[in-house]
Amino acid sequence: VDLAVAATPVRRLATRRRLVINGFGRIGRVVLRCLLGREQSNVEVVGVNIGSMKPSEAAHLLKYDSVFGTLPQDVFGDDAAGTLTVGDVVVHTCSHRDPRQAPWQAWGVDV
C-alpha cells in the first residue's frame with residue numbers, strides 16, 4: 001500500500017454539479033429518489049428527460065413505487081410548465097427521443 005496515496009485527503013467539490021437524468025424508467029426514478037434523499041450532496045438534479053409520459057404521470061410513478069414504497073415528500077407534475085416538484089425542489093422535464101436535442105445548456109447542466 002502506498003501510504004502517500006492513502007494519506008491524501010479526499011478532495012471535495014467546491015460547488016454543486018448540476019446534472020440531468022436521461023430516462024425516467026425504473027432506474028431513472030430510483031436515481032432521482034436517491035439523490036433527492038441525500039441531506040448533503042454536491043449534486044443537484046436540474047432536469048429529467050421523461051420520454052413520452054407527461055410530468056403528471058412521471059410524478060405519480062415517482063411518488064408510488066412498488067419496491068421502495070411511497071415517497072414521503074409531496075410530488076407534483078405540472079404538465080403546462082413541464083416540471084416535477086418534489087418537496088421544495090423543482091426539476092425541469094423534457095421529452096426527447098434523441099438526448100442531443102434536449103435543452104441541457106439552457107438548464108445550465110454540468111453533467
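**Entry 1: Phe24**

I started with Phe24 and listed its contacts, leaving out residues up to four places away in sequence. Phe24 touches Arg29, Leu32, Val48, Asn49, Ile50, Met53, Ala58, Leu62 and Leu84. I note here that the model is a predicted one.

Next I looked up the largest nonpolar core. It has 17 residues. Phe24, Val45, Val48 and Leu62 touch the most other members. Which elements each supply at least two residues of this core? I found β1 (17-22), α2 (26-37), β2, α3 (55-63) and β6 (83-86). The largest share comes from α3, with three residues. For background, I wrote down that nonpolar side chains tend to be buried together in soluble globular proteins.

I then searched for aromatic pairs. The count comes to one. Trp104 and Trp107 form this pair, and it is edge-to-face. The ring centres are 5.6 Å apart, and the planes stand at 65 degrees. That angle counts as edge-to-face because it is over 60 degrees.

Are the two Trp residues buried or exposed? Trp104 has a relative accessible area of 18%, so it is buried. Trp107 has 12%, so it is buried as well. The cut-off I used for buried is under 20%.

**Entry 2: Asn49**

Asn49 lies in strand β2, residues 43-49. I checked its accessibility. The relative accessible area is 3%, so Asn49 is buried.

What does Asn49 touch, not counting residues up to four places away in sequence? My list reads Ile21, Asn22, Gly23, Phe24, Cys94, Ser95, His96, Pro99 and Trp104. Phe24 from my opening entry is in that list.

**Entry 3: Asn42**

I moved on to Asn42, in the loop between α2 and β2. Its relative accessibility is 29%, so Asn42 counts as partly exposed. I also took a distance from Asn42 to Arg18. The two residues are 24 apart along the chain. Their C-alpha atoms are separated by 8.7 Å.

**Entry 4: helix α3**

Which residues of α3 are buried? I noted Pro55, Ala58, Ala59, Leu62 and Lys63. They cover an arc of only 130 degrees around the axis, so they sit on the same side of α3. These buried residues pack against α2, β3 (64-65), β4 (69-70), β5 (75-78), β6 and β7 (89-94).

**Entry 5: the sheet**

I traced the open sheet next. Five strands form it, in the order β1-β2-β7-β6-β5. The pairing is mixed. Why do β1 and β5 count as edges? Each has a single partner strand, so one side of each is left without a neighbour in the sheet. On average, neighbouring strands are turned by 25 degrees against each other, direction ignored.

Two helices pack on this sheet. α2 touches β1, β2, β6 and β7. Its direction makes about 155 degrees with that of β1. α3 touches β5, β6 and β7. The direction of α3 makes about 165 degrees with that of β5.

**Entry 6: β5 and β6**

How many bridges join β5 to β6? I found four, and the strands run antiparallel. They form a hairpin, with four residues between them. Gly82 in the turn has a positive phi of about 70 degrees.

I read off two opposite positions. Val75 stands opposite Val86 in β6. Phe76 stands opposite Thr85, also in β6.

Then I sorted β5 by face. Val75 and Gly77 are on the covered face. Phe76 and Asp78 are on the uncovered one.

**Entry 7: the whole chain**

I finished with totals. The secondary structure comes to three helices and seven strands. From the N terminus on, the elements run α-β-α-β-α-β-β-β-β-β. The chain has 111 residues, and 32% of them count as buried. I also looked at contacts between residues at least 6 apart in sequence. Of these, 63% join residues at least 24 apart.

Note on methods: Residues numbered from 1 in each chain as written. Predicted model: local features only at pLDDT ≥ 70, side-chain atom pairs only at ≥ 80, totals over all residues. Heavy atoms only, no water. Buried < 20%, exposed > 50% of the residue type's maximum accessible area, 1.4 Å probe, protein only. Contact = heavy atoms within 4.5 Å. Core = buried A, V, L, I, M, F, W, Y, C linked by side-chain atoms within 4.5 Å. Phe/Tyr/Trp six-rings, centres within 6.5 Å; stacked < 30°, edge-to-face > 60°. Arc of directions from axis to C-beta. Pairing = 2+ DSSP bridges. Axes fitted to C-alpha atoms, helices over the stretch in contact; angles between N-to-C directions.
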